[in-house]
Amino acid sequence: MTEEIQYKPLDCAFESVQAVFALNIEQAVEHLSEASLSEYYEGAEFLAKIGQGDKLSIAFLKTMPWAGEHFGDGSIKKITDFTYNKICRTPNKPAVDKFLDSFIIVVDHIEKDQLDEYLALIEYHLSETTFSIHGIHDTHPSPSLIAMLANINLLLEQLDFKGIYEWIDYGLRYFKHHPERQEEYFTLTTADSKAVFQRQRKGLLFSDIERPINLFQQALWKTNFMYAPYSPDFEALEHFHPYLEDEVIRLPDIYSDLNGVSACKRYMALIAHIIAHHQFTTKIVADNVSPQQRFFTEVFEDARVEYLAIQQYPGLKKLWLSLMPVVDEFDCDDTKQSCLRHRAIMLTRALLDDNHPYQNQIILDYVEKFKELMSKGETTTADSLSLALGYLIKTRSASDALGSIYFENTEVSYRDDNRSIWLFIEKFDEESNIFEHQKKSEDENDEEVEVIPPHYYDEWDYAYESYKLDWAAVYERLHTHTDASKIDQILDKHSSLVKQLKKVLDLLKPQNKKRIRYQEEGVELDLDIALRSVIDIKNGSQPDTRINVDFEHDSRSVSVLLLLDLSQSLNEVVGSSGQTILELSQEAVSLLAWAVEQLGDNFAIAGFNSDTRQKVMYYHIKGYSEHWDDMVKSRLADLKAEFSTRMGAAIRHGAHYLDMQQSDKKLMLILTDGEPADIDMHDPKALIQDTHKAVQEMQQKGMYPYCISLDKKADEYIADIFGSHYSVIDRIESLPKELPQLFLSLTT
Amino acid sequence: MSDFDINQFKIESEPFYKAQSNEVELYTAAYNARFPVMVKGPTGCGKSRFIEYMAYKLDKPIITVSCNEDITASDLIGRYLLDSNGTRWVDGPLTLAARHGAICYLDEIVEARQDTMVVIHSLTDHRRELMLDKKGELVKAHPDFQLVISYNPGYQSLMKDLKQSTKQRFTGMDFDYASAELEASIVVKESGVDTGTAAKLVKLAETTRNLVGHGLDEGASTRLLNYAGTLIAAGVDTKDACHMALVCPITDDSEVRTTMSGAIDAIFG
């Protein structure tokens with residue numbers, strides 16, 4: 001190190017730059033080709049002379065050896081030009097050094113030939129977010145470039161370029177003219193930003209594959225652990241490992257393909273490993289075992305449980321091996337860095353892979369010992385510990401304690417954090433629980449109803465012709481209840497109407513036909529039986545006279561959801577009757593529910609109102625499987641009207657359940673007294689359009705929406721939402737009579 | 001009718017059957033007492049094969065009737081048919097067996113309607129006789145006659161069950177899939193694959209059996225394992241054969257199929 005190699009001096013007057021140059025030139029010479037090296041000099045000298053101080057050159061000198069090596073000749077020049085033309089000459093100067101620094105991370109995540117794509121991405125972001133208030137020239141820096149560059153690691157790691165563009169576009173669409181919100185968005189701290197980010201991630205979401213994985217553990221091990229998927233942590237960037245605790249498997253919520261193994265197979269590999277521990281690991285006390293000893297015990301224990309699992313399911317070996325990184329035996333120089341992890345990963349592979357490439361005698365010895373142990377049968381976790389202790393003594397090196405640790409490619413992604421092996425007698429705080437904060441918050445609200453998490457639904461933004469992701473939070477609650485006799489009184493009050501309805505109901509004939517054999521009277525002759533009877537007659541014995549077939553109408557196959565608008569406006573009194581719209585609705589719904597119960601159709605009632613997109617309430621009044629009994633009546637009797645009408649979200653939620661019903665026809669009746677609106681939406685068209693979209697969505701899924709509006713002015717907008725599927729009832733007083741009739745005419 | 005040869009119903013060559021436990025002795029004892037027997041068990045676990053095997057061992061003819069919903073009492077007993085001279089009586093399978101002394105095997109009896117099965121009652125108690133009311137004949141059962149029924153409790157529904165009065169005329173034998181080793185040896189014998197592959201096939205079948213109630217109504221049967229084994233022995237790629245014989249027939253659920261292909265990979269690598 002002390003030998004003085006003379007490098008070509010850097011032509012620069014900043015002493016600070018010269019100092020950094022001296023620190024980095026060795027790296028540069030080592031990593032860069034001659035052409036790149038001269039680009040390196042030119043760039044550093046140039047950036048020091050453009051009147052932006054020393055910061056640029058310093059960042060440049062530090063990062064370009066890596067960028068130049070990764071992207072090849074010409075790349076440093078390209079970056080220099082881009083820095084000068086696209087950033088330094090715009091109001092975005094403060095972001096320059098962050099931009100240059102980003103290359104340290106960028107080289108890890110993108111391919112050699114993707115430099116242009118990365119530069120184009122930055123340019124796109126800049127050109128879209130840098131703006132001027134007056135005049136032609138851009139005068140204000142991008143409020144969000146620095147924020148985005150700070151997250152570049154996460155972005156490139158989790159998204160592909162297409163996803164990043166989508167994420168940027170979403171932010172631009174909503175916050176382009178709102179610098180503070182824009183910055184918030186691009187720091188990945190807002191809910192929207194996270195939601196869009198999650199959506200754009202590359203790979204397979206666990207939720208899409210949960211059932212097959214669940215069946216997988218059921219099929220192979222008859223276990224039935226629950227899952228708690230976790231997302232990468234936005235703030236801390238902490239690296240999580242899967243683990244099994246309290247009968248719950250914590251695992252990443254998304255996987256992309258790795259080494260040609262599909263994401264689905266990766267989840268299977270993970271589950272297989274975790275269950276192998278569950279089957280074969282016995283806890284041992286950790287307090288007297290040093291971290292290094294524990295580390296190697298885990299290596300042997302992982303190998304041991306996998307060995308045993310492979311005895312059961314030999315194919316797992318191939319799967320696991322294909323997910324295990326391969327390192328070169330001589331990659332790690334133990335005079336300079338700690339080779340602990342390097343040794344461990346070699347050992348890990350050698351223990352599992354019979355064709356491993358390693359020649360190290362100690363490794364070979366211990367693989368032999370391990371195999372000998374395993375072939376004897378009966379092993380425990382304690383055996384892993386004793387192997388580990390021996391191995392560590394044989395291989396211990398002074399460099400193990402070095403701060404610089406060989407880390408590259410030493411992690412096996414499908415393996416858990418092995419907390420299941422250790423029993424800590426003394427409490428200490430190393431163990432991290434990803435879900436701790438969640439647990440706590442749940443405990444706090446134990447008594448409140450709010451524990452049931454909301455369902456999130458997208459909302460249609462007609463101005464941008466796209467969905468706002470996970471925009472409306474729908475909370476589903478059981479409606480409160482009161483005295484059921486109120487509803488019976490209503491039915492008594494309308495007894496003449498009830499009688500009328502009864503007649504109509506009797507006339508209703510469903511469509512499907514079913515054959516009934518052996519009938520004396522019927523519409524057709526049953527040839528088989530008739531022939532038999534003829535033979536009987538010829539024979540002189542008693543013939544069977546039941547020689548006809550008849551047909552019977554099979555039951556109706558209709559599912560109906562009645563969705564009630566429970567917004568504030570229902571409290572208005574109608575005309576001179578003194579009744580509110582709500583009371584009339586209540587009467588109408590009671591009659592309808594009674595009628596449908598007579599028909600035996602699959603029928604549910606729900607109500608909704610909303611108080612901004614954060615709180616759309618969806619009240620469960622009658623479920624499909626519930627009968628028209630006192631419980632349902634008592635809920636209906638307690639209807640209350642408050643807040644606003646965010647109809648789209650409620651329709652989506654109702655459709656979600658209606659879609660699950662097994663019927664030929666699915667009908668959603670929406671009873672409302674006004675247009676969709678909410679206090680956080682100022683554009684009256686926005687929610688109308690969103691509701692229209694929701695209606696279209698359910699039609700596409702084969703459900704039939706129908707709106708009964710009590711708004712006399714509904715003609716102005718209702719056709720925009722429901723097309724021709726609506727009725728406007730002008731005389732609200734007649735609602736109790738009209739609603740059941742309308743239903744009957746719709747379903748026959 | 002006198003020229004009727006009941007021996008055509010005899011099993012000519014010994015069917016391959018490996019006893020799981022003492023079922024051969026139990027059956028023999030039941031036959032010696034001429035008790036009616038019901039065998040229960042999942043699809044394809046060897047019920048019919050066992051009855052055939054026993055018929056062979058006892059050297060008795062066996063008449064098999066596969067039951068279905070439309071089967072009537074006269075389908076079992078017999079009926080008059082029209083011919084050029086007027087009408088002619090033809091014995092049904094049950095009457096044939098009772099008259100000539102065969103084992104009458106009613107396969108999947110729950111598929112038939114409950115009231116149809118009442119006709120067997122008089123044959124299955126101390127009377128051992130069958131009234132042919134149309135013909136006006138009382139058939140006394142041949143001393144060798146025995147009635148055997150089979151059914152699969154796996155897909156029993158409320159609609160499909162035997163009447164208590166029918167059930168309580170039978171002695172019962174439970175069948176299940178053979179133990180892993182035994183099942184593997186059956187697969188080896190029936191399909192000609194090597195022992196290792198057979199063991200893996202059995203392992204795979206176990207995974208499907210673990211899924212009963214979680215997306216499958218019934219796991220893969222020994223019969224399907226033999227199919228898979230035969231395909232493999234004929235040179236078909238192992239995974240393709242498993243898919244064709246063990247996954248495709250038992251489920252249409254794409255998620256269960258994903259799981260099964262994972263299981264195939266875990267077992268066959």
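**Walking through the model**

Mentor: Start with burial: 37% of the 748 residues in chain A are buried. Keep in mind that this is a predicted model.

Trainee: Okay. How many helices and strands does chain A have?
Mentor: Chain A has 28 helices and 18 strands.

Trainee: And what share of the chain A contacts join residues at least 24 apart?
Mentor: Take the contacts between residues at least 6 apart in sequence: 72% of them join residues at least 24 apart.

Trainee: Switching to the two chains. How many residues does the contact take from chain A and from chain B?
Mentor: Chain A gives 23 residues and chain B gives 22 residues.

Trainee: Which elements of chain A are on that side?
Mentor: Those with two or more residues there are helix 12 (206-221), helix 13 (263-280), helix 15 (315-323) and helix 22 (527-539) of chain A. Helix 12 of chain A gives the most, with seven residues.

Trainee: What classes of residue are on the side of chain A that touches chain B?
Mentor: It has 13 nonpolar, four polar and six charged residues.

Trainee: Now the largest nonpolar core. Which residues touch the most other members?
Mentor: That core has 88 residues, and the ones touching the most other members are A:Y267, A:I271, A:A272, B:V187, B:A228, B:L246 and B:A263. Helix 13 of chain A supplies the largest share, eleven residues. As a rule, nonpolar side chains in soluble globular proteins tend to be buried together.

Trainee: What is B:L246 in contact with, leaving aside its neighbours within four places in sequence?
Mentor: B:L204, B:A205, B:T208, B:A220, B:L224 and B:A228.

Trainee: And what does the second core include?
Mentor: It is separate, has 70 residues and includes A:L561, A:A595, A:I670 and A:L735.

Trainee: Backbone next. What phi does A:K222 have?
Mentor: A positive one, about 55 degrees, although A:K222 is not a glycine. Most residues other than glycine have a negative phi. A:K222 is in the loop between helix 12 and strand 2 (226-230) of chain A.

Trainee: Is A:K222 buried or exposed?
Mentor: Exposed, because A:K222 has 12 other C-beta atoms within 10 Å, and 12 or fewer counts as exposed.

Trainee: What about A:F643, where is that?
Mentor: A:F643 is in the loop between helix 24 (630-637) and helix 25 (647-659) of chain A. Its phi is positive too, about 60 degrees, and A:F643 is not a glycine. A:F643 counts as partly exposed, with 18 C-beta neighbours inside 10 Å.

Trainee: Helix packing. At what angle do helix 1 and helix 3 of chain A cross?
Mentor: Roughly 5 degrees, and the axes of helix 1 (residues 15-31) and helix 3 (residues 55-71) of chain A come within 8 Å. Therefore helix 1 and helix 3 of chain A are roughly parallel to each other. Angles under 35 degrees count that way.

Trainee: Which residues make the contact?
Mentor: From helix 1 of chain A, they include A:V17, A:F21 and A:H31, and from helix 3 of chain A they include A:I58, A:L61 and A:E69. By class, the contact of helix 1 with helix 3 of chain A has seven nonpolar, six polar and two charged residues.

Trainee: Next pair: how do helix 6 and helix 9 of chain A cross?
Mentor: The axes of helix 6 (residues 115-129) and helix 9 (residues 161-175) of chain A come within 11 Å and cross at roughly 5 degrees. So helix 6 of chain A is roughly parallel to helix 9 of chain A. Among the contact residues are A:L121 and A:H125 of helix 6 and A:I164 and A:I168 of helix 9 of chain A.

Trainee: What lies between strand 14 and strand 15 of chain A?
Mentor: Five residues, and the two strands of chain A form a hairpin. In the turn, A:T612 has a positive phi of about 70 degrees.

Trainee: Last one. In what order do the strands of the three-strand open sheet in chain A run?
Mentor: The order is 2-4-3, with mixed pairing. Strand 2 and strand 3 (243-245) of chain A are the edge strands.

Key
Residues numbered from 1 in each chain as written. Chains lettered and ligands numbered in written order. Predicted model: local features only at pLDDT ≥ 70, side-chain atom pairs only at ≥ 80, totals over all residues. Helix = DSSP H or I, 4+ residues; strand = E, 2+ residues; numbered from the N terminus. Buried ≥ 20, exposed ≤ 12 C-beta atoms within 10 Å, placed from the backbone. Contact = placed C-beta atoms within 7 Å. Nonpolar A, V, L, I, M, F, W, Y, C, P; charged D, E, K, R; others polar. Core = buried A, V, L, I, M, F, W, Y, C linked by C-beta atoms within 7 Å. Axes fitted to C-alpha atoms, helices over the stretch in contact; angles between N-to-C directions. Parallel < 35°, antiparallel > 145°, perpendicular 65-115°, else oblique. Pairing = 2+ DSSP bridges.
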